[in-house]
Amino acid sequence: MKVNDYQNAIRRFEPDPALKGRIAEAVLSDASPAHDHRFTRMAVGAIAAVLLIACSAGAVMAASPEFRAAVLNFLHIGETEDVPGPNASLNGEPDVSGTVIGETVKAQYIQMNGNFNVARDGLLCETRVDPDTEAVMPVSFWNIEGNTAVSAGVKVNKSEISVDMDGTGFNGIFYWYEHDGELNAFKPSRNLAPGENRDVNASVINIRDKTDTVVVELALDGRCEYFYYDLNAGITKGLFEGTDAEDMDDLKKADLAPDMSSALLERNDGWSYLDLKTGKVSTLSELAGVSGFNMACFLNDGSIQLLKWIDVERLGAGNVDCWLYDPADGSTTKVLNGERVYNEFNEPDPCGVVILGRYCLDVDETGRVKVIDLKAGTSIPVDGFVYDPEATMRVSPDGTKILYAKFDDSGMMFVTCLGVIDLVEGTVIEFDRAKQAEMFELKCYWLDNDRVAISGVAFDDKVTSLYIYKF
């Protein structure tokens with residue numbers, strides 16, 4: 001299974017310096033809006049299977065749907081999508097076109113001479129990276145009306161951050177805009193103070209249903225600190241100020257609950273649970289009554305998933321235990337007990353579970369798949385679908401669909417097959433895509449609960465493309 005941001009592929013492919021710059025810029029501009037920030041995590045050590053906690057700020061996994069069928073019906077569309085190549089006649093304006101694939105999937109193709117992304121409300125935003133500060137800047141906006149891009153007037157705001165982290169002053173900027181009740185913030189600059197350490201890296205995290213406050217994460221030498229930032233007043237306040245976690249000097253990462261009522265704190269000696277309402281910090285293992293786990297994360301309903309990876313000699317990926325802990329009532333339920341983890345290098349026949357947050361895939365020796373809802377305890381086979389270990393898989397923001405994308409083997413990243421497992425409708429739809437030799441596709445991700453996006457850049461460093469699919 002390939003890592004979602006395709007860093008491995010980028011390392012295998014060495015484009016010319018100009019294209020390398022465009023690739024880096026595209027990754028920054030496409031991946032950094034605050035509503036897409038919540039962290040993708042992966043298992044470490046000998047575990048080859050990727051654990052995807054597929055995410056967006058304020059929504060990681062939604063409540064499980066009630067499956068409407070005993071079997072998920074599989075449809076492979078016979079029509080192969082002819083993906084359009086780079087449009088050489090672009091003049092700085094977006095080029096928009098579209099089609100319907102197999103009378104089932106609506107496709108929209110957007111191309112520009114530069115980097116851009118599309119917000120969930122459909123607003124198209126062109127971005128650039130400031131070469132001096134490395135901050136991502138929105139510079140132009142369009143509304144997409146049919147196959148036409150209409151210029152839109154949107155106010156762009158610039159905020160300055162000035163805080164201290166371990167005696168290292170951080171002075172940076174980030175850009176943001178508000179549109180249709182949604183806040184969109186972009187990747188901040190690195191440290192701007194002359195002579196200061198420029199290795200302090202900053203991120204902006206959106207707070208669900210708030211447009212006046214964000215959370216700023218600073219990372220330095222394997223440590224993180226978190227701050228509230230008031231966008232109107234320009235005031236920064238420590239996120240953990242006044243709590244038991246205020247003076248923690250070994251915080252590696254924090255996972256914030258969807259409603260911002262609590263946080264999971266990853267420290268050198270394990271995981272802690274912070275109640276942001278009372279300010280009390282507790283050891284997570286004591287609260288849950290579980291020891292030895294090495295990964296924890298919030299699910300969308302506020303419950304916590306605990307994972308314990310167990311290495312098995314010569315097995316490759318090993319086994320996994322999984323618990324669900326509910327802070328609301330203090331209950332803990334073990335939902336996986338020493339299950340074999342899927343690893344494509346397992347011998348003689350790869351099989352096992354692939355964990356996707358609340359859901360996991362149970363793959364048998366023939367590659368056939370069942371979708372397991374770990375919370376509800378249901379198991380639904382996917383009729384006709386065979387698991388591909390080379391595929392990337394992501395769960396939609398509301399947790400009702402699973403995206404999977406298969407890639408070619410040339411090292412030039414291109415999605416050759418795209419599909420969606422719909423857990424509510426009980427369907428699986430996939431189609432093949434015809435490769436354009438001129439394109440290098442960087443990312444495949446959920447744009448919202450119904451639309452999947454693939455972004456890429458032309459080899460000649462002139463055109464950036466975004467392909468959007470509605471299943």
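**Close-up views of a predicted model**

**View 1. Arg433 and the ring of Phe414.** Arg433 is placed over the face of Phe414, 5.0 Å from the ring centre. The model shown here and in the other views is predicted.

**View 2**

**View 3. The open sheet β9-β10-β11.** Three strands, in the order β9-β10-β11, make up an open sheet with antiparallel pairing. Its edge strands are β9 (157–165) and β11 (182–185), each of which pairs on one side only. On average, and with direction ignored, neighbouring strands of this sheet are turned by 35 degrees against each other.

**View 4. Strand β10 beside β11.** Strand β10 spans residues 168–179 and is joined to β11 by 4 bridges; the two run antiparallel. Trp176 stands opposite Ala185, a residue of β11.

**View 5. The aromatic pair Phe141 and Tyr177.** Across the whole structure, a search finds 10 aromatic pairs. For Phe141 and Tyr177 the ring centres are 4.9 Å apart and the planes stand at 75 degrees, so this pair is edge-to-face; the cut-off for that class is over 60 degrees. The pair links distant parts of the chain, with Phe141 in strand β7 (residues 136–145) and Tyr177 in strand β10, 36 residues apart. Phe141 and Tyr177 are both buried, that is, under 20% relative accessible area.

**View 6. An aromatic cluster.** One aromatic cluster is formed by Phe74, Phe385 and Tyr404.

Key. Residues numbered from 1 in each chain as written. Predicted model: local features only at pLDDT ≥ 70, side-chain atom pairs only at ≥ 80, totals over all residues. Heavy atoms only, no water. Pairing = 2+ DSSP bridges. Axes fitted to C-alpha atoms, helices over the stretch in contact; angles between N-to-C directions. Phe/Tyr/Trp six-rings, centres within 6.5 Å; stacked < 30°, edge-to-face > 60°. Buried < 20%, exposed > 50% of the residue type's maximum accessible area, 1.4 Å probe, protein only. Lys NZ or Arg CZ within 6 Å of the ring centre and 35° of its normal.
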